Amino acid sequence: MIILGNGFDLAHDLQTKYSDFRDYIWNNNREFYEQLTKYIFEDDLWNDFENALGSFDDGEIKEMSEAAYLNYDDNYYNYDRAISDELEFSTKISEYLLEWVKSIDIKTNPVVSRKIINNDNIFINFNYTDTLEKVYDIVNNNIL
């Protein structure tokens with residue numbers, strides 16, 4: 001059994017760090033980037049992405065919600081809707097993550113001997129990419 005993490009893709013010179021995701025968003029959807037960094041401190045976001053997503057800056061949302069509440073009008077402005085609309089961008093994170101992963105060029109040469117990485121092994125793969133399949137011809141049944 002072989003366990004693989006992002007170091008495997010990095011060893012293949014693939015651009016798979018969250019800072020690469022940051023650059024991808026910055027270059028392809030600046031509005032989404034700005035919304036994301038409005039609620040999550042940038043240093044936290046790009047250094048510890050998964051944990052940062054679970055702990056956004058609620059001070060910013062409280063401030064925005066208080067402003068929305070002050071403008072609340074039963075006939076025109078829906079307070080709950082304002083909060084929901086403001087956080088709508090968060091439903092797109094997985095979409096942009098997938099878009100970025102699909103954009104990563106996997107055309108690389110093997111860096112680990114095929115005596116080690118081959119279909120005689122089972123792999124636990126924590127990577128988003130299909131490096132094992134495309135570079136080493138590992139069958140999907142051997143990858144968890």
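The model is predicted, so I kept local features only at pLDDT of at least 70 and side-chain atom pairs only at pLDDT 80 or more, while totals for chains, interfaces and linings use all residues. Residues are numbered from 1 along each chain as its sequence is written, and side-chain values use heavy atoms, without hydrogens and water.

Salt bridges.
I searched for a side-chain nitrogen of Lys or Arg within 4 Å of a carboxyl oxygen of Asp or Glu, and the count came to three. R22 pairs with D23, the closest N and O atoms being 3.1 Å apart; R22 is partly exposed at 26% relative accessible area, and D23 is partly exposed at 34%. I also found D130 bridged to K134 at 3.7 Å, N to O, where D130 is partly exposed at 26% but K134 counts as exposed at 56%.

Nonpolar core.
I took a core as a set of buried Ala, Val, Leu, Ile, Met, Phe, Trp, Tyr and Cys residues joined through side-chain atoms within 4.5 Å. The largest one has 32 residues, and W46 and F21 are among those with the most contacts inside it. For W46 I listed contacts (heavy atoms within 4.5 Å), leaving out residues up to four places away in sequence, and the partners include F21, L36 and also R22, the residue that I had already noted in the bridge to D23.

Note on methods. Buried means under 20% relative accessible area, exposed over 50%, partly exposed in between (1.4 Å probe, protein chains only).
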